[in-house]
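Hi,

Here is the structure I promised to pass on to you. My notes on it follow just below.

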Amino acid sequence: MSDEIILVNMNDDEIGCCEKMEAHRIPALHRAFSVFLYKRTGKKLHMLLQKRAEGKYHSGGLWTNACCSHPRRGETLAEAVPRRMAEELGIVAEVTEEFSFTYFHRFSENCAEFEFDHVFTGKWEGEVVPDPEEISEVSWMEFSDIEQGMMARPDSFSPWFLIAAPKVMAVLRNREQ
């Protein structure tokens with residue numbers, strides 16, 4: 001079954017729908033979301049990172065935030081976010097939308113991301129059961145280690161993670177101090 005995703009304008013107003021792979025081929029601006037899960041261990045904050053499965057249509061083998069996807073045609077973010085957390089991570093965590101941003105990245109001649117990305121955060125202390133079709137590895141990493149990794153090896157992270165993660169870490173550090 002092919003997924004139809006929601007096309008939007010620069011204000012995130014819905015303007016239509018398109019089959020997911022076609023939206024990435026064109027490319028067409030579409031609604032997306034990224035979930036960042038974190039926990040505190042003593043005085044340190046840790047973020048759950050996933051390594052995308054090698055078989056993904058783009059960014060396979062790259063480290064990124066806990067969960068990211070697109071709401072389907074007729075689906076709200078409030079419905080899509082827990083659905084994808086359950087599918088990808090085997091969990092449902094309470095999350096809060098923090099901010100949104102638009103980005104464009106071309107992966108190949110026939111694949112690009114042009115997304116209006118809604119960023120969510122939530123605390124998670126429990127077990128994670130990743131779907132191996134989606135995720136090859138998960139790791140809880142301390143914020144400063146993530147920042148050092150992004151500086152030393154930016155090409156080992158997804159393009160949207162490089163944009164959103166510094167903002168997310170700033171929000172969470174401020175909230176959790």
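I count 13 salt bridges, a salt bridge being a side-chain nitrogen of Lys or Arg within 4 Å of a carboxyl oxygen of Asp or Glu. This is a predicted model, where local features need pLDDT of at least 70, side-chain atom pairs count only at pLDDT 80 or more, and totals for chains, interfaces and linings use all residues. Residues are numbered from 1 along each chain as its sequence is written, and side-chain values use heavy atoms, with hydrogens and water left out.

Glu 176 takes part in two of the contacts I looked at. Its side chain meets Arg 40 at 3.8 Å, N to O. That pair joins distant parts of the chain, helix H4 and strand E3 (residues 30-41), 136 residues apart. Helices (H or I, at least four residues) and strands (E, at least two) are DSSP runs, numbered from the N terminus. Glu 176 also bridges to Lys 123 at 3.5 Å, N to O; Lys 123 lies in strand E8 (residues 111-123), 53 residues away.

Glu 176 is buried at 16% relative accessible area, while Arg 40 at 30% and Lys 123 at 45% are partly exposed. Buried means under 20%, exposed over 50% and partly exposed in between (1.4 Å probe, protein chains only).

In helix H2 (residues 77-89), Arg 83 and Glu 87 sit 4 residues apart, about one helical turn, and form a salt bridge at 3.2 Å, N to O.

Best wishes
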